[in-house]
Amino acid sequence: MTTFTTVTVVADGTVHAVGGAVRDDAVWLRSESVPTVTGWSLKPEGLCRDDVCIPRAALGADAIAGTGADETIELRALARALQRAVAVEPVAALAVVADAPADLAGSIVEGRAPAFTLPDLDGTPVALADFAGRKKLLFAWSSW
Amino acid sequence: MLLAISLDEDVEAARACAREESPVPLTYPVLVDRDHAWAERYGVINVPTTIWVDEDDRIVRPPAIAPGDDKFIEFVGFSAEPHHQALRAWVRDGVAPMADTEVRARRAAPDARLQEARAERRLAMHLLRAGAADLGHAHLDRALALAPDDWTIQRGSLPVRGKDPFGQDFFDFYQRWEAAGRPGYEG
């Protein structure tokens, strides 16, 4: 029986605390945690979303360990398969998955402003959608 | 509608700066993007940058450096006035600042190396916030090495590295960036 710990993965602006393990200087996710973090699922035929599957063989020889409820996938291999950059700190069981370039490119081609919600200085959330039907000037600034 | 979005890690620094810039309460929202998740999604790599979004949430002018005045014109290399004029024409008369094709041409997807640098930076900030200084700075160093020309990563990291964003470290970066041909700078 494999022992799992909680690993923290930041993806798409959300902090996910999910079941996984730290082994061999790498962070591993339980297969059941994969959809929460990535929107993809690890199935017998491969890593799948909707009707697209990346075959298991394409994930790399050492990407998957264990079977059934004990199955885990190594996070770097998972991110590589999804063409997403990842930064991993095994000591803290913490990792960050960057946005998928393909998703960014999608919003660029369509020319749409991606939806967002950010806190104001007092922590109150403000969304782009709060100003629907108006012209918006987004102004990025900083104290530095 | 103006939405001012701060890329500061330190929310109090942003608050102090907003107060200093305006003695009267601001009439527009001041938001905080500590994780740079918004900045990355919109392709913002420096400040001050504006992005124009129309009534149908289409981007009519992609991210571009847009100083409020000509105080730093020697560094910036162009005047603020054309941007102001174009902005007035768009707001008052609906004049599009550029053709749709140019909007698209300017918005290239980020390369893999920059995305890796951004992931390392975000990981570093989460570690630093949790008090894991050594681990955090190790990842921040990786981000800095991966994105030598990215202002948001290079200059934006100076405060958390205990360095002055208006001091020698900034000027060293500025000179290196200028010698490299001012990469990524679009007015």
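Helices (H or I, at least four residues) and strands (E, at least two) are DSSP runs, numbered from the N terminus. Keep in mind that this is a predicted model, where local features need pLDDT of at least 70 and side-chain atom pairs count only at pLDDT 80 or more, while totals for chains, interfaces and linings use all residues. Residues are numbered from 1 along each chain as its sequence is written, and chains are lettered from A and ligands numbered from 1 in the order in which they are written.

**Stop 1: helix 6 of chain B**

Select residues 112–129 of chain B, which make up helix 6. Is the helix mostly covered or mostly open? Mostly covered: 14 of its 18 residues are buried (20 or more other C-beta atoms within 10 Å of a residue's own; 12 or fewer is exposed, in between is partly exposed, and C-beta atoms are placed from the backbone). Step past the helix to B:Gly131, which has a positive phi near 90°.

**Stop 2: the sheet in chain A**

Now switch to chain A, with its three helices and 13 strands. Look for an open sheet of seven strands in the order 7-8-3-2-1-10-9, with mixed pairing. Two strands pair if DSSP finds at least two bridges between them. Strand 7 (64–65) and strand 9 sit at the edges with a single partner strand each, so one side of each has no neighbour in the sheet.

Pick out strand 1 (residues 5–11) of chain A, which pairs antiparallel with strand 2 of chain A over seven bridges. A:Val9 has A:His16 as its bridge partner there. Bring helix 6 of chain B back into view: this helix packs on the sheet, touching strand 1, strand 9 and strand 10 of chain A, and its direction makes about 145° with that of strand 10 (axes are lines fitted to C-alpha atoms, for helices over the stretch in contact, and angles run from 0 to 180 degrees between N-to-C directions).

**Stop 3: strand 3 of chain A**

Select residues 26–30 of chain A, where four of the five residues of strand 3 are buried. On one hand, strand 3 runs antiparallel to strand 2 (residues 14–23), joined by four bridges, with A:Gly20 opposite A:Leu29. These two strands form a hairpin with two residues between them, and A:Asp24 in the turn has a positive phi of about 55°. Strand 3 also pairs antiparallel with strand 8 (residues 72–74) over three bridges, and A:Arg30 stands opposite A:Thr72.

**Stop 4: where the chains meet**

Show both chains: 42 residues of chain A are in contact with 64 residues of chain B (contact means C-beta atoms, placed from the backbone, within 7 Å). Which strand of chain A gives the largest share of its side? Strand 13, with six residues. Zoom in on that strand, which pairs in the parallel sense with strand 1 (residues 2–6) of chain B over five bridges; A:Phe139 is opposite B:Ala4.

**Stop 5: the two domains of chain B**

Finish by colouring domain 1 (4–106) and domain 2 (112–179) of chain B separately; the bounds come from an automatic or database domain assignment. Their C-alpha centres lie 22 Å apart, and eleven residues of domain 1 are in contact with nine of domain 2.

Definitions and conventions
Contact = placed C-beta atoms within 7 Å. Expected span 1.5 Å × (residues − 1).
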